[in-house]
Amino acid sequence: MKFLPLFDRVLVERCAAETVTKGGIMIPEKAQGKVLQATVVAVGSGARGKDGEIHPVSVKVGEKVLLPEYGGTKIVLEDKDYYLFRDGDILGKYLD
């Protein structure tokens, strides 16, 4: 099943949580923090401004972004968890 967000919505897949520290210590599941980094899976066409023009979304498919700690709508597609955010809710993107 394919999913295409509408307007200024962005569909992301959160990255996996760290289970081992750099020193090799296993982190218990309860002690793992919420992962705020995600990969953009799909983007909408953009938001319509007051002047009637469409303002494009600021991220592209495949980019890694920083998400807020709370928010987003959880969506399950083909047994995988995805999250839907507004373009304005995304805090930033990682550059290589």
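This is a predicted model: local features need pLDDT of at least 70, side-chain atom pairs count only at pLDDT 80 or more; totals for chains, interfaces and linings use all residues.
Student: What is the average pLDDT?

Tutor: The protein averages 86, and 96% of the residues score at least 70. pLDDT is the predictor's confidence in each residue, from 0 to 100.

Student: Where is confidence lowest, and where is it highest?

Tutor: Strand 3 (residues 47-48) is lowest, with a mean of 85, while strand 5 (residues 64-66) is highest, at 93.

Student: Okay, the fold. How many helices and strands are there?

Tutor: There are zero helices and eight strands. Helices (H or I, at least four residues) and strands (E, at least two) are DSSP runs, numbered from the N terminus.

Student: Which strands make the sheet, and in what order?

Tutor: Six strands form an open sheet, ordered 6-7-1-2-5-8, and the pairing is antiparallel. Two strands pair if DSSP finds at least two bridges between them. Strand 6 (73-77) and strand 8 (92-93) are at the edges with a single partner strand each, so one side of each has no neighbour in the sheet.

Student: And what holds paired strands together in general?

Tutor: Strands of a sheet pair through backbone hydrogen bonds, either parallel or antiparallel.

Student: How many bridges join strand 6 to strand 7?

Tutor: Five bridges, with the two strands running antiparallel. V76 has D81 in strand 7 as its bridge partner. Strand 6 and strand 7 form a hairpin with two residues between them, and E78 in the turn has a positive phi of about 50°.

Student: What about strand 1 and strand 2, how do they pair?

Tutor: They are antiparallel too, over five bridges. L11 stands opposite A42 in strand 2.

Student: Switching topic: which residues make up the largest nonpolar core?

Tutor: There are 11 of them: V10, V12, A38, V40, V57, V59, V65, L67, Y83, F85 and I90. Strand 1 (9-14), strand 2 (37-43) and strand 7 (80-86) are the elements that give two or more residues to this core. A nonpolar core is a set of buried Ala, Val, Leu, Ile, Met, Phe, Trp, Tyr and Cys residues joined through side-chain atoms within 4.5 Å. Buried means under 20% relative accessible area, exposed over 50%, partly exposed in between (1.4 Å probe, protein chains only). Apart from that core lies another of six residues, including L11, A42, I75 and Y82.

Student: Take V65. What does it touch?

Tutor: Not counting residues up to four places away in sequence, V65 touches V12, L36, Q37, A38, V40, V59, I90, G92, K93 and Y94. Contact means heavy atoms within 4.5 Å.

Student: Now the charges. How many salt bridges does the structure hold?

Tutor: Five. A salt bridge is a side-chain nitrogen of Lys or Arg within 4 Å of a carboxyl oxygen of Asp or Glu. One of them pairs D8 with R86, with the closest N and O atoms 3.3 Å apart. D8 is in the segment before strand 1 and R86 is in strand 7, so this pair links distant parts of the chain, 78 residues apart.

Student: Are those two residues buried or partly exposed?

Tutor: D8 is buried, with a relative accessible area of 15%, and R86 is partly exposed at 41%. R9 also joins D8 and R86 in a network of salt bridges.

Student: Which partner does K80 have?

Tutor: K80 forms a salt bridge with E13, the closest N and O atoms being 3.2 Å apart. K74 and D81 also meet in a salt bridge (3.6 Å, N to O).

Student: And R14, is it buried or exposed?

Tutor: R14, found in strand 1, is buried yet has no salt bridge. The nearest side chain of opposite charge, D81, is 8.6 Å away. Here Lys and Arg count as positive and Asp and Glu as negative, while His and the chain ends are not counted.

Student: What is R14 in contact with, then?

Tutor: Leaving aside neighbours within four places in sequence, R14 contacts K34, V35, L36, Q37, A38, L67, Y83 and F85.

Key: Residues are numbered from 1 along each chain as its sequence is written. Side-chain values use heavy atoms; hydrogens and water are left out.
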